[in-house]
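Dear colleague,

I am passing on the structure below, and would be glad if you could look it over.

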Amino acid sequence: MGSMDSLPVGHSQRSSTRDQVTTREWNDLPSELLPSIADRLGIIELLRFRGVCKDWNFASSTASAEIEALPNRDPWFLLYGENNNSQCTLVTESGKQYIITIPEMDGATCLASSQGWLLLYREGLIFFFCPFSRARIDLPVPTKFPPMGISDHVAVFSTPPTSQDCVVCIICRTNKTDDLELYVIHRGATSWTKHKLSSFPNKIECAAYHNGVFYYFDNTDLMVCFSIKDRSISLGKVRYVKSPNERCIPLKFISNVEKEDMKKRLDLELGDVSTCGTTVSCLKADKMVPYENRANAKGAGTRRPKGVWFQPRFHQIDKMLSW
């Protein structure tokens, strides 16, 4: 593994005397210029910008690092839970690695990743979380929700959690059987609705949302579909289009070559890591990065390292926001 930098998230750094002099000079910049500068920064630069002083932190209160979310950009990767603490390894699109401390990732399991938001399960709670801004939105926990460390859990949400029409759909296997359960909740609801699909033995590898329907795909070209409008669950078969003029869902699977190239860029050993997939925004068809859920071979009392592919964004929310 190559050398890694330490990147503070939500923490300021002590400065030397020379740095303090430089900081005071930077503070002389016209305050009206600071927000426009912050809006043009990527994630790493934005975090450093916010750590300079209180004025710079305040000036970046609306920045979201949108530059990192342009179409056709490879996702970043976050490795967590490796040392049973909150220390994580962040790998950027270019392969640059940083060590960051994120307390919310300690003991967590990532269920979904989209547009910079992670859907986490931790200590009996389910919540949306942005790892850079530490923004958090709590959700009600489904009644009798299956344990996270045993079954396959894959989730999708329709829109960012700050949207009024956001819907979350979690699919999981029950009691080591071939049956699947879906848990669905709309923003503003206080409880989840439960749906069941019998006899589906295959492992879910990819998931996506499009035009009112959640799609879950296995590795045999079968898919589980859940319609929000009809509140119905059904099975289907993937059909690949041969012409760009054919009508289709604008989704595509990441190729094996692309997947191996992404892993090679990480310079990390992922053979024993359970990873949460994501959907990467592309111009013509969004690209699905697969989930890789692995059984815990290290014993019930030992945590295994986990990872998540995600698009880096800096989401900031009203602290009074409720779901």
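Please keep in mind that this is a predicted model. The mean pLDDT of the protein chain is 81, and 80% of its residues reach 70 or more. Among the elements of the chain, strand 14 (residues 213-217) has the highest mean pLDDT, at 96, whereas helix 1 (residues 17-26) has the lowest, at 50. Two stretches call for particular care: over residues 10-22 the pLDDT stays under 50, and the model has four contacts there beyond four places in sequence, while over residues 296-301 the pLDDT is also below 50, with five contacts beyond near neighbours in sequence. Where pLDDT is low, the predicted coordinates should not be read in detail.

Met262 leads on to helix 5 (residues 256-266), whose buried residues are Met262, Lys263, Arg265 and Leu266. Seen down the helix axis, these buried residues fall within an arc of 160 degrees, so they line one face of helix 5. The face turned away from that buried side carries the exposed residues Asn256, Val257 and Lys264. As for what lies against the buried residues of helix 5, they pack against strand 2 (76-80), strand 3 (87-91), strand 4 (97-101), strand 20 (286-289) and strand 21 (306-310). The helix is followed by Asp267, whose phi is positive, near 55 degrees.

A search of the whole structure finds two cavities of 30 Å³ or more, and about 40 Å³ of space lies in the largest cavity. The lining of this largest cavity is made up of Ile254, Lys259, Met262, Lys263, Val289, Pro290, Glu292 and Trp309, and helix 5 provides the largest share of that lining, three residues.

With best wishes

Conventions
Residues numbered from 1 in each chain as written. Predicted model: local features only at pLDDT ≥ 70, side-chain atom pairs only at ≥ 80, totals over all residues. Heavy atoms only, no water. Buried < 20%, exposed > 50% of the residue type's maximum accessible area, 1.4 Å probe, protein only. Helix = DSSP H or I, 4+ residues; strand = E, 2+ residues; numbered from the N terminus. Arc of directions from axis to C-beta. Contact = heavy atoms within 4.5 Å. pLDDT = per-residue confidence, 0-100. 1 Å grid on protein atoms, 1.4 Å probe; cavity = no way out; pocket = protein on both sides within 12 Å on 5 of 7 lines; lining within 4 Å. Points joined across faces, edges and corners; volume = space filled by probe spheres on them.
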